[in-house]
Amino acid sequence: MVFSSFSFLFYFLPAFLLVYFLTPASRKNTVIFAASLLFYYYGVTEHPYYMILILLSVAINSAAARSMERCAGKRQRRMWLTAAMAWNLGSLFVFKYLDFLSGNLNLLSDKAGLGFHVPMTRLILPLGISFYTFQISSYLFDVYRKKIPAERSFLTLGTYLCMFPQLIAGPIVTYSEIREKLRSRVHSFRHVEDGLREFTIGLACKVLLANRVGNLWTQVNTIGFESISCPLAWMGIAAYSFQIYFDFYGYSLMAKGLGRIMGFAFPDNFRHPYLARSMTEFWRRWHMTLGGWFREYVYIPLGGNRHHPYRNLFLVWMLTGLWHGASWNFVLWGFVLFVLILLEKCGLGKLFDRLPVLGHLYMLFAIPLTWLVFAVPDPGQTAVYLGRLAPLAGQADGIVFQGDFLKYGKDYFLPLAASLLCCTGLPGRWYEAKKYTLPATLALVVLFWACVYCMYLGLDDPFLYYQF
């Protein structure tokens, strides 16, 4: 079940809200937990045993955290932390990375003529496992550091981990951020109104922008990279850049809106990243909760800027790449970002600070080129696409249909132009200034029913980040 579907908008969400607001405050977490498990079960219907996996995650980490709190010595606390993290990372490794490792071992065996073969499990990745593993791990680390006390209630901890607005694709919310709200929170018509408004904006980002420009990227893939012109290649990778942003940004806004309705304040996950003047600034604005997680629980514990900062930076970006997927293109993507950020730390960033226009021009090319590495798993096809982006550097073989960019430019001009405008933040600033006025409210009503119409036509693609 996705947020941009009839089943969620007109069945699940109204039923949940009706029960939630009719339930006494002392039982509202029970409603959230039960609804979240139902929501998750709908997504894993073909693999219902994945329900056991997420419940085990709650149970094991709950028991480990309470055991750590009872231990006086640091050695015993570390033992419980290690045991629980072995479960957290071990389950993530088995489902997400085991076949990647096995496949590469088999490839090395074939190349070396060793003759052994590691069997492949071909397990289906459990929905949202990367996100909920990081969330529960942050809780465990915070208890270990004595930043927060261990949660005694299985229901409360389960509500935190399984809360359906951010269960599948974030934002990554730490327990300390919503601990007090899990116990007592304020509900009001203003919270509901603000939440519905934010949800509607997120829905529009997903359905009216991400899905529309995403169709162009799909068509470019269908045509084949060998057969597209240079202008269409740039249009295609620009479309993917817009798609991945508005897809994930839209989901994050919807999650924030739903949380607001229930009385929670989820953190922002994006802050106009395409306005950044450097890759360093970009990653302070993009998927901010993931960046904050790596900074708090990996970069700083490794030594941060005090001990071996470049090594720590390298490890963080390798892990960031692998977190997004078990494939060499994600490893390469992480390495490319590490190199660019390292160059900026060595002086390039200061140049962009002094010459902002130069920084924006640099990012105009850096953003789509790095997303190309992210989007195309096959390095050979990435090279072909780069050849189309820079035809003077050498064309790939294939028949190019001249004028193809005119045809697709005509078809996708409006969604591309709207996406570009929304990246600037100008529509958002207008909305914030007019938020509670009649024109802004009418605009949201029009956007909502436009989304419903597009969904009726079948334009309700799954969220891209579901696969990570």
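**Close-up 1. Classes of residue that line the largest pocket of the predicted model.** The lining of the largest pocket comprises 21 nonpolar, five polar and ten charged residues, where Ala, Val, Leu, Ile, Met, Phe, Trp, Tyr, Cys and Pro count as nonpolar, Asp, Glu, Lys and Arg as charged, and the others, Gly among them, as polar. This is a predicted model, in which local features need pLDDT of at least 70 and side-chain atom pairs count only at pLDDT 80 or more, whereas totals for chains, interfaces and linings use all residues. Residues are numbered from 1 along each chain as its sequence is written, and side-chain values use heavy atoms, with hydrogens and water left out.

Close-up 2. About 1100 Å³ of space lies in the largest pocket (a pocket is an open set of points on a 1 Å grid over the protein atoms alone, where a 1.4 Å probe fits, with protein on both sides within 12 Å along at least five of seven lines; lining residues have an atom within 4 Å of a point; points are joined across faces, edges and corners, and a volume is the space filled by probe spheres set on them). Among the 36 lining residues, Ile201, Tyr249, Leu253, Gly428 and Tyr431 are the closest to the centre of this pocket.

**Close-up 3. The second largest pocket.** This pocket holds about 610 Å³ of space, and of its 22 lining residues Ala238, Phe242, Tyr274, Leu364 and Leu420 are the closest to its centre. Its lining divides into 18 nonpolar, four polar and no charged residues.
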